[in-house]
Amino acid sequence: MTATSRRQVLGVVACAAAGAAPADAVFAEPHQDEQGEPVPSLDRLSVLDAGMTEDEADCWALAAELAGTYMGLPVQHQEDWHEVAHAIHVVQSRLLARPTYRRYLEAAKRRHGDAP
């Protein structure tokens, strides 16, 4: 029997609560198809579908990797994970805002003939 990480547990709970795909499918490590081409995770595909650029999706994946790695460290203070989780969520919120802000600037440019 393999050990389940806290990240996997949180992912399963979050996905179940949201009615989303299982965490294993969402956060799966990159792998290759039959032709040897990389197959992106559902999480990466989802943020790209939301309008993120490839670089923004890379940042998103790095934030998730940072969170998962940090959760694996020994606990030194009971508030550590709460504070780190908050910081990760701030980064994720900023990344999620970028596609919307781009759309806003594009709409403003169309309506006013130039960027605000």
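Me: Which helix is the place of Tyr 70?

Reply: Tyr 70 sits in helix 4 of this predicted model.

Me: Why is Tyr 70 called partly exposed?

Reply: Its relative accessible area is 27%. Buried would need under 20% and exposed over 50%, so with 27% Tyr 70 falls in between and gets called partly exposed.

Me: What does Tyr 70 touch, leaving out residues up to four places away in sequence?

Reply: Asp 80, Trp 81 and Val 84. As for Ala 85, 15 residues along the chain from Tyr 70, the two C-alpha atoms are 9.6 Å apart.

Me: Back to helix 4: why is Glu 56 called buried?

Reply: Glu 56 lies in that helix, which covers residues 54-71. The cut-off for buried is under 20% relative accessible area, and Glu 56 comes in at 5%, so buried it is.

Me: What makes the link between the side chains of Glu 56 and Arg 98 a polar contact?

Reply: The distance is 2.5 Å, and the limit for such an N or O pair is 3.5 Å, with one atom able to donate a hydrogen and the other to accept it. Arg 98 also turns up among the residues Glu 56 touches, along with Gly 51, Leu 95, Pro 99 and Arg 102.

Note on methods:
Residues are numbered from 1 along each chain as its sequence is written. This is a predicted model: local features need pLDDT of at least 70, side-chain atom pairs count only at pLDDT 80 or more; totals for chains, interfaces and linings use all residues. Side-chain values use heavy atoms; hydrogens and water are left out. Helices (H or I, at least four residues) and strands (E, at least two) are DSSP runs, numbered from the N terminus. Buried means under 20% relative accessible area, exposed over 50%, partly exposed in between (1.4 Å probe, protein chains only). Contact means heavy atoms within 4.5 Å.
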